[in-house]
Amino acid sequence: MNLYQRLMIKDKEAIKEYGKRYPHTAEMIIAELKSEDFFTNVRYGTAWDMMRICKLDFLGDAFLDR
């Protein structure tokens, strides 16, 4: 299961809402989440954007356990 599939619904909605204003950034975040299985493999910039958009203190909190 990739990270996008494990992403919590509230965080998917936050990225979708952000995508209305910044579609390219949201598309890049989603593409990276779909290509990775572990949050430790997500690039720093993507992780930073996600934490800012989803109001997270820790990136791992955005994902459901397997």
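A: Let us begin with a definition: buried means under 20% relative accessible area, exposed over 50%, and partly exposed in between, with a 1.4 Å probe and protein chains only. This is a predicted model, in which local features need pLDDT of at least 70, side-chain atom pairs count only at pLDDT 80 or more, and totals for chains, interfaces and linings use all residues. Residues are numbered from 1 along each chain as its sequence is written, and side-chain values use heavy atoms, with hydrogens and water left out.

Q: Which residues are buried in helix α4?
A: In α4, which spans residues 44-53, the buried residues are T46, A47, M50 and I53. Helices here are DSSP runs (H or I, at least four residues), as are strands (E, at least two), and both are numbered from the N terminus.

Q: Why are they on the same side of α4?
A: They cover an arc of only 135 degrees around the axis, and this puts them on the same side of α4. The arc is that of the directions from the helix axis to the C-beta atoms. An α-helix has 3.6 residues a turn, so residues three or four places apart point the same way.

Q: What do the buried residues of α4 pack against?
A: They pack against α2 (9-21) and α3 (23-35).

Q: What does T46 touch, leaving out residues up to four places away in sequence?
A: T46 touches I29 and E32, where contact means heavy atoms within 4.5 Å. T46 is buried, with a relative accessible area of 7%.

Q: Now the end of the helix. Which residue follows α4?
A: That is K55, whose phi is positive. The angle is about 55 degrees, although K55 is not a glycine.

Q: Is K55 buried or exposed?
A: K55 counts as exposed, at 75% relative accessibility.

Q: Let us turn to the whole chain. How many helices and strands are there?
A: There are four helices and zero strands. The radius of gyration is 10 Å, close to the 11 Å that the globule rule gives for 66 residues, so the chain is as compact as a globular protein of that length. That radius is taken over C-alpha atoms, and the rule is 2.2 Å times the number of residues to the power 0.38.

Q: What share of the 66 residues is buried?
A: Buried residues make up 36% of them.
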